[in-house]
Amino acid sequence: MTLVKIGDFYQDYAQDTSDAEDIKKFSVYAQGDEKVGSVDDILVDEQTGRFRYFVVDTGFWVFGKKVLLPVGMGRLDYTDRRVYVSGLTKEQVENLPDFNDLEKVDYDYEEQVRGVYRPMTATDTVTQPQTQTYDRNTYNYEQEPSLYNVNDRDTQTLRLYEERLIANKERHKAAEVAIGKRVETETARVAVPVEKERVVIERTTPTDVSPIDAGNADFREGDVIRMDIYEETPDIHKETVVREEVRVRKVAEQDTVTAEETLRREELDIDTQGRPIVEK
């Protein structure tokens, strides 16, 4: 169990109006309304954050000495800014070990402190008999509530509640888009001009019908004129090409949703009679 000073545990406590800041500098009084000293600091359990000891500067009561006071032994009076320790004597304070260095506060040191205060709690024989022994390896502060628990008769807590509007977001599937492709058919028509050759035979009658010398006349049988005839035929076939590319992606759009709710909050009503109440 490690103890630390309140200022080291709560880094910004000095700027808060916390109970810890209020308690520091409270005057400490023993039996017979005798001033013992004042609260110089507070030691906190590093694991739980709970107050364990008041560091009391005894001032001139026991000159130049600082001692530890378990928080359960003190009764806080916020109105008078005092800590009352019933049954505390000057002799007991003198028997307490000096508190000078927090590094020296170990189990043995705390046992010296507890040994001085345990007789003051001897009336609580059920929860804290004087004969009870403790194991250093298993000891915890809850074993001695009379030393370390704040007295409920002296301190009462009234909790004030309020409602807060919490805005969270949930991600859920709103829709689904399926993008595929299908095959459609259509009938395409194309006009291709083609050429076809044909033979044209023209027969004419000469206008000059002068006789031809019989010797020059060449009568032959079997003369043939040959001519190739061509024509064009259409060559129509199909080929596949990429007509279009489709890219699919997502984008996020921002929107603001406004909601209104009626929130409840508890406020403190103070009805005092007689002595005024001082709020801390």
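**Cavity and exposure labels**

Author: The lining of the largest cavity divides into nine nonpolar residues, no polar and no charged ones, where Ala, Val, Leu, Ile, Met, Phe, Trp, Tyr, Cys and Pro count as nonpolar, Asp, Glu, Lys and Arg as charged, and the others, Gly among them, as polar. This is a predicted model, in which local features need pLDDT of at least 70, side-chain atom pairs count only at pLDDT 80 or more, and totals for chains, interfaces and linings use all residues. Residues are numbered from 1 along each chain as its sequence is written, and side-chain values use heavy atoms, with hydrogens and water left out.

Reader: Which residues line the largest cavity?

Author: They are Val28, Val36, Val56, Val67, Leu69, Leu88, Val93, Leu96 and Tyr117, each having an atom within 4 Å of a point on a 1 Å grid over the protein atoms alone, the cavity being a set of points where a 1.4 Å probe fits but cannot get out. About 40 Å³ of space lies in this cavity, a volume being the space filled by probe spheres set on the points, which are joined across faces, edges and corners.

Reader: Why is lysine 25 called exposed?

Author: Its relative accessible area is 55%, and exposed means over 50%, buried under 20% and partly exposed in between (1.4 Å probe, protein chains only), so lysine 25 counts as exposed.

Reader: What makes arginine 81 partly exposed?

Author: Arginine 81 has 33% relative accessibility, so it falls in the intermediate class. Arginine 81 also has a positive phi of about 55° although it is not a glycine.

Note on methods. 1 Å grid on protein atoms, 1.4 Å probe; cavity = no way out; pocket = protein on both sides within 12 Å on 5 of 7 lines; lining within 4 Å.
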